[in-house]
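Biologist: I should like to learn how to read the features of a protein model. Please take me through them in turn.

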Amino acid sequence: MRDLKNSKDQLDFSPVFKTNEFARICGTTKATLFHYDKLGILCPKRDEKTGYRYYSPGHFFEYDTIHILKAIGCSLDEIAEMIKSNSVDSYEELLQMHLQQLNKQIEEINNQKRRIQESQSLIRESRSAVIGVPSIVAEPDEKVLFTSAIKSPDKQDSHVAAIGNLLSECLKTFHGPAFHIGAIVRNETLLKGETYRSYYYSTVFSEDFDDSERITIRPAGRYLVYYHKGHYTTLDRAYEKIFEYIHSHGLVPAGNSYEDSLVTYFNTSAVTDHITKISVQIE
């Protein structure tokens, strides 16, 4: 390496580093530097006699800028275009565009994180659940994404298709899996003494997502909560005890019933170990 020349107040930015020296200091390769030179995003000076490339201390700042822009997702073509424009506005626009992309990715990751935490919470709730004993609890409101109404509730294919569509919608809309799928029995159905499921739903964590056709609020309020252990085909037994409790205590269903699978096929192969939380909104 040649000697650096220093003036009294300013570092001399004349070319002093050969390619291999510059690559070693930056922690990169000569091939990468050659590629950057070819693209016109980091161009050293050339010795006309020897053909050697030489980099100055100023090139470290340029390399760091390229490294940072790549780290936030900028392509080399985008970086080259920004350098070609030689404009502060272009640089700011490039940063803003990738900031928006990063914010979107952060939101997607946070959604997936909250879904995982929700699933963990349900499993923990299942461990402390008192099976077969009704209780009255206050539940907070919750934003949910629901399926279209199930037209043939007596046919299993209709339910399978609805759940499949909901899982696909969660992957498409929230870029993450739905670890938890719930079912809704409408208030009108309960008042008739029936318990067929009209919708399936999944919790929505994104505050920005708003689709009035598919989003509803599971309202806050008083709920009769009942934990049932066994396969979902045995839930009628649970509802018999729920209706019996409602009538004997002078209660009236004031809203829908929400069925949350705390333990299901995802985490046990024994259907007799499935645990479902049934929450019926009451007056």
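The dialogue that follows takes up sheets, a core, aromatic rings and a helix in this predicted model.

Biologist: In what order do the strands of the open three-stranded sheet lie?

Modeller: In general, strands of a sheet pair through backbone hydrogen bonds, either parallel or antiparallel. Here the three strands form an open sheet in the order 1-3-2, and the pairing is antiparallel. Strand 1 (17-18) and strand 2 (45-46) stand at the edges with a single partner strand each, so one side of each has no neighbour in the sheet. Two bridges connect strand 1 to strand 3 (residues 53-55) in the antiparallel sense, and lysine 18 lies opposite tyrosine 54 of strand 3.

Biologist: Which residues of the largest nonpolar core touch the most other members?

Modeller: The general idea is that in soluble globular proteins, nonpolar side chains tend to be buried together. In this structure the largest nonpolar core has 19 residues, and those touching the most other members are Phe22, Leu33, Tyr36, Ile41, Leu42, Tyr63 and Ile79. Two or more core residues come from each of helix 1 (19-26), helix 2 (30-39), helix 3 (58-71) and helix 4 (76-85). Helix 4 provides the largest share, four residues.

Biologist: Which residues does isoleucine 41 touch, not counting those up to four places away in sequence?

Modeller: With that exclusion, isoleucine 41 touches Tyr36, Glu62, Ile66, Leu76, Ile79, Ala80 and Ile83.

Biologist: How many aromatic pairs does a search of the whole structure find?

Modeller: The search finds nine aromatic pairs. One of them is formed by phenylalanine 22 and tyrosine 55; this pair is stacked, with 4.3 Å centre to centre and 10° between the planes. The pair links distant parts of the chain, since phenylalanine 22 lies in helix 1 and tyrosine 55 in strand 3, 33 residues apart. Phenylalanine 22 has 0% relative accessibility and therefore counts as buried. Tyrosine 55, at 0% relative accessibility, likewise counts as buried. One aromatic cluster is made up of Phe17, Phe22, Tyr36, Tyr55, Phe60 and Tyr63.

Biologist: Why does the span of helix 5 agree with its number of residues?

Modeller: At 1.5 Å a residue, the 41 residues of helix 5 (residues 88-128) should span 60 Å, and the end C-alpha atoms are 59 Å apart, which agrees. At the start of helix 5, a side-chain oxygen of serine 87 comes to within 3.1 Å of the backbone nitrogen of aspartate 89. Buried residues of helix 5 include Leu94, His98, Arg115 and Leu122.

Biologist: Which residues of strand 7 point one way, and which the other?

Modeller: In a regular strand the side chains alternate between the two faces of the sheet. From strand 7, Tyr199, Tyr201 and Thr203 point one way, while Tyr200 and Ser202 point the other way. Five of the five residues of strand 7 (residues 199-203) are buried, so strand 7 is largely enclosed by the rest of the structure.

Biologist: Where do the partners of strand 7 attach?

Modeller: Strand 5 (residues 142-146) runs antiparallel to strand 7 and is joined to it by three bridges; phenylalanine 146 has tyrosine 201 as its bridge partner. Strand 6 (residues 182-185) is also joined to strand 7 by three bridges and runs antiparallel to it; the bridge partner of glycine 182 is tyrosine 201.

Biologist: How many bridges pair strand 9 with strand 11?

Modeller: Strand 9 and strand 11 (residues 275-282) pair over seven bridges in the antiparallel sense, with isoleucine 278 as the bridge partner of tyrosine 226. Strand 9 (residues 221-229) also pairs with strand 4 (residues 135-139), over five bridges and again antiparallel; there valine 137 stands opposite tyrosine 223.

Technical notes. Residues are numbered from 1 along each chain as its sequence is written. This is a predicted model: local features need pLDDT of at least 70, side-chain atom pairs count only at pLDDT 80 or more; totals for chains, interfaces and linings use all residues. Side-chain values use heavy atoms; hydrogens and water are left out. Two strands pair if DSSP finds at least two bridges between them. A nonpolar core is a set of buried Ala, Val, Leu, Ile, Met, Phe, Trp, Tyr and Cys residues joined through side-chain atoms within 4.5 Å. Buried means under 20% relative accessible area, exposed over 50%, partly exposed in between (1.4 Å probe, protein chains only). Contact means heavy atoms within 4.5 Å. The expected span of a helix is 1.5 Å times one less than its number of residues. A polar contact is a pair of N or O atoms within 3.5 Å; within protein, one must be able to donate a hydrogen and the other to accept it, and residues adjacent in sequence count only if both atoms are side-chain atoms. Rings of Phe, Tyr and Trp (its six-membered ring) pair if their centres lie within 6.5 Å; planes under 30 degrees apart count as stacked, over 60 as edge-to-face and the rest as tilted.
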